[in-house]
Amino acid sequence: MLVKTFGSAVYGVEAIAITIEVDVSGGNLGYFIVGLPDNAVKESIQRIESAIKNNKYEMPRTKLVINMAPADIKKTGAAFDLPMAIGVLGATGQIDEPDVLKDFVIMGELSLDGSIQPIKGALPIAIQARKDGFKGLIVPEANAREAGMVNNLQVYGVKDLKQVVRFLNEEEKIKPVDVNTREEFFYNQYQFDIDFTDVKGQENIKRALEIAAAGGHNAILIGPPGAGKTMLAKRLPTILPPLSLQEALETTKIHSVAGKLPENASLISKRPFRSPHHTVSDAALVGGGGIPQPGEISLAHNGVLFLDELPEFKRSVLEVMRQPMEERRVTISRAKVALDFPANFMLIASMNPCCRVAFFRHFGKNQARARRKAVCLSNPRPRLSCL
């Protein structure tokens, strides 16, 4: 018997509908997954078999073929476990009305006991499901609020495989998730843990950062250790204009794809602040991987990217930021795919005075000379003669 279920694959910050065809036919025992799956998808058959048996359902003892279409798009991750398992149960007659599956997009990672683990990219998956005309979306309970931000789509959060089967067989009612996106968004917009008003003194730099925030300008902070550079940078998002709903949706999609949203999260309501360590690689900063994932500059989209101790960053890392800063987006190209990620951010950098940089660069290897020049470090306004 042939049964079709529907899932979704995330590429960049968008999703693509995936049709999962499950065919159980006579012949020798054998399980086959086709349609360009990666190793995580191929291994899913072991999780599916254990989850089905541990929940007292029957796994077919004949030939089982699972096709994931379109077959020329690489399928990655464990989020296809649940739709494949439901397809197997539908093809073996353990779901009363397999035709009901055409109304739902189903996504989730299965544990061996049948419980359902969270997935990445629930928000873009929900947006694509609504665009494709599906009536409902079945996702792990931890992702239900995230996907529930999409209106005109019924989102069901589920805990385990047995609950999904009982829901599809109309033996159990599951209430769709109801998220008042606008109310939560506007309520949380001004709930800051830290605030720019916490800073006392430093009137000149505060005025400079206010001007930078008003015009969306980049800035570099130069001062001795302990002057408050990092403290001021962390509080900069609190004086930026509040996010619009469209900006919040873009930002949330990026964090959802990257798996950075906390459990039961909804729309991101405050501008992000990212502060990568100075040992960050090129790919971690701008994005990359076999299937490209967003980097730090994309996670800082509509917010602030803070580079502390700017001279410590590798030259190659700083150079790859040039084009994204000009175009406000970054294109990651691979042999079979090229993806665009948004990267519209304010760059704030900090460094110690030139005297400190020159001290380590020129005198660090000569300890006797370093001790004679150490007085330069405590001089907040070093003279050229210090160098």
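Q: What counts as a salt bridge here?
A: A salt bridge is a side-chain nitrogen of Lys or Arg within 4 Å of a carboxyl oxygen of Asp or Glu. Side chains of opposite charge can pair when their charged atoms come close.

Q: And what kind of model is this?
A: This is a predicted model, where local features need pLDDT of at least 70, side-chain atom pairs count only at pLDDT 80 or more, and totals for chains, interfaces and linings use all residues. Residues are numbered from 1 along each chain as its sequence is written, and side-chain values use heavy atoms, with hydrogens and water left out.

Q: How many salt bridges come out of that rule?
A: The count is 14 salt bridges.

Q: Which residue does Arg274 pair with?
A: Arg274 meets Glu296 in a salt bridge, at 2.8 Å from N to O. The pair links distant parts of the chain, 22 residues apart. Arg274 sits in strand β11 (residues 273-274), and Glu296 in helix α12 (residues 296-299). Helices (H or I, at least four residues) and strands (E, at least two) are DSSP runs, numbered from the N terminus.

Q: Are those two buried or exposed?
A: Both Arg274 and Glu296 are buried. Buried means under 20% relative accessible area, exposed over 50%, partly exposed in between (1.4 Å probe, protein chains only).

Q: What about Glu49, who's its partner?
A: Glu49 forms a salt bridge with Lys53. Their closest N and O atoms are 3.1 Å apart. Both lie in helix α2 (residues 44-54), 4 residues apart, so about one helical turn separates them.

Q: How accessible is each one?
A: Glu49 is buried, at 16% relative accessibility. Lys53 is partly exposed, at 42%.

Q: Where do Asp198 and Arg235 sit?
A: Asp198 forms a salt bridge with Arg235, with the closest N and O atoms 3.6 Å apart. Asp198 is in the loop between α7 (181-188) and α8 (203-215), while Arg235 is in helix α9 (residues 229-235). The two are 37 residues apart. Asp198 is partly exposed at 40%, whereas Arg235 is buried at 13%.

Q: New topic: what's the strand order in the open sheet?
A: The order is β5-β8-β9, 3 strands with parallel pairing. Two strands pair if DSSP finds at least two bridges between them.

Q: Why is one side of β5 left without a neighbour?
A: β5 (104-106) and β9 (154-158) stand at the edges, each with a single partner strand, so one side of each has no neighbour in the sheet.

Q: How many bridges join β5 to β8?
A: There are 3 bridges between β5 and strand β8 (residues 136-140). In β8, Leu137 is the bridge partner of Val105.
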